[in-house]
Every structure is written in structure tokens, then in C-alpha cells.
Amino acid sequence: MNWAQGVKAVLAAFIGVRQGDAARQDQSLKPWQLIVTALLLMLALIVALLLLVSWVTR
């Protein structure tokens with residue numbers, strides 16, 4: 001799996017948009033790779049939000 005392709009697929013799923021050809025290409029990705037990518041991106045988002053809140057409330 002191309003990790004950039006996996007990240008694009010997960011980010012598109014987060015916001016709910018994906019075009020036909022790209023969605024068909026995503027079917028070749030392995031589910032466990034998408035799950036790991038999604039968990040890592042979700043963790044990065046949570047950490048970024050916590051840092052932002054910490055910075056704003058100082």
C-alpha cells in the first residue's frame with residue numbers, strides 16, 4: 001500500500017467526499033492498513049486539539 005494513498009482515502013472518509021475512480025482504487029487497500037492509518041490520524045487530531053486548548057487557556 002502506498003501510505004499517501006491510504007492517508008488520502010482516510011481523510012476523504014473523515015470529511016465524506018470521494019470521487020468514483022479514486023473510490024475504486026481504494027478497494028485495493030488492505031482494511032488493516034486503513035484502520036491503522038485512521039487511528040493514527042485520529043490520535044494526531046486529538047493531540048493537536050489538546051495542545052490548542054492548552055495554549056488558548058494559558
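Me: In this predicted model, which hand is the crossing where helix 1 passes helix 3?
Reply: The model is predicted, not experimental. Helix 1 spans 3-15 and helix 3 spans 31-56. Where helix 1 passes helix 3, the crossing is right-handed.

Me: How are helix 1 and helix 3 oriented to each other: roughly parallel or roughly perpendicular?
Reply: Two packed helices are described by the angle and the distance between their axes. Here the axes of helix 1 and helix 3 come within 9 Å and cross at roughly 65 degrees. Angles of 65 to 115 degrees count as roughly perpendicular. Therefore helix 1 is, relative to helix 3, roughly perpendicular.

Me: Which helix supplies the largest share of the nonpolar patch?
Reply: The surface patch includes Leu11, Phe14, Ile35 and Leu50, among others. Together its residues have about 900 Å² of accessible area. Helix 1 and helix 3 each supply at least two residues of the patch. The largest share, five residues, comes from helix 3.

Me: Is Phe14 buried, partly exposed or exposed?
Reply: Phe14 sits in helix 1 and belongs to the nonpolar patch. Its relative accessible area is 48%. Exposed needs over 50%, and buried needs under 20%. So Phe14 is partly exposed.

Me: How far apart in space are Leu34 and Val53, C-alpha to C-alpha?
Reply: Leu34 is a helix 3 residue. Along the sequence, Leu34 and Val53 are 19 residues apart. In space, their C-alpha to C-alpha separation is 28 Å.

Notes
Residues are numbered from 1 along each chain as its sequence is written. This is a predicted model: local features need pLDDT of at least 70, side-chain atom pairs count only at pLDDT 80 or more; totals for chains, interfaces and linings use all residues. Side-chain values use heavy atoms; hydrogens and water are left out. Patches are made of residues with over 30% relative accessible area and no salt bridge: like charges are joined within 9 Å, nonpolar side chains (Val, Leu, Ile, Met, Phe, Trp, Tyr) within 5 Å. Accessible areas come from the Shrake-Rupley method with a 1.4 Å probe; for residues, only the protein chains shown count as cover. A salt bridge is a side-chain nitrogen of Lys or Arg within 4 Å of a carboxyl oxygen of Asp or Glu. Helices (H or I, at least four residues) and strands (E, at least two) are DSSP runs, numbered from the N terminus. Buried means under 20% relative accessible area, exposed over 50%, partly exposed in between (1.4 Å probe, protein chains only). Axes are lines fitted to C-alpha atoms, for helices over the stretch in contact, and angles run from 0 to 180 degrees between N-to-C directions. Angles under 35 degrees count as roughly parallel, over 145 as roughly antiparallel, 65 to 115 as roughly perpendicular and the rest as oblique. A crossing is left-handed if the near helix is turned anticlockwise from the far one by less than a right angle, and right-handed if clockwise.
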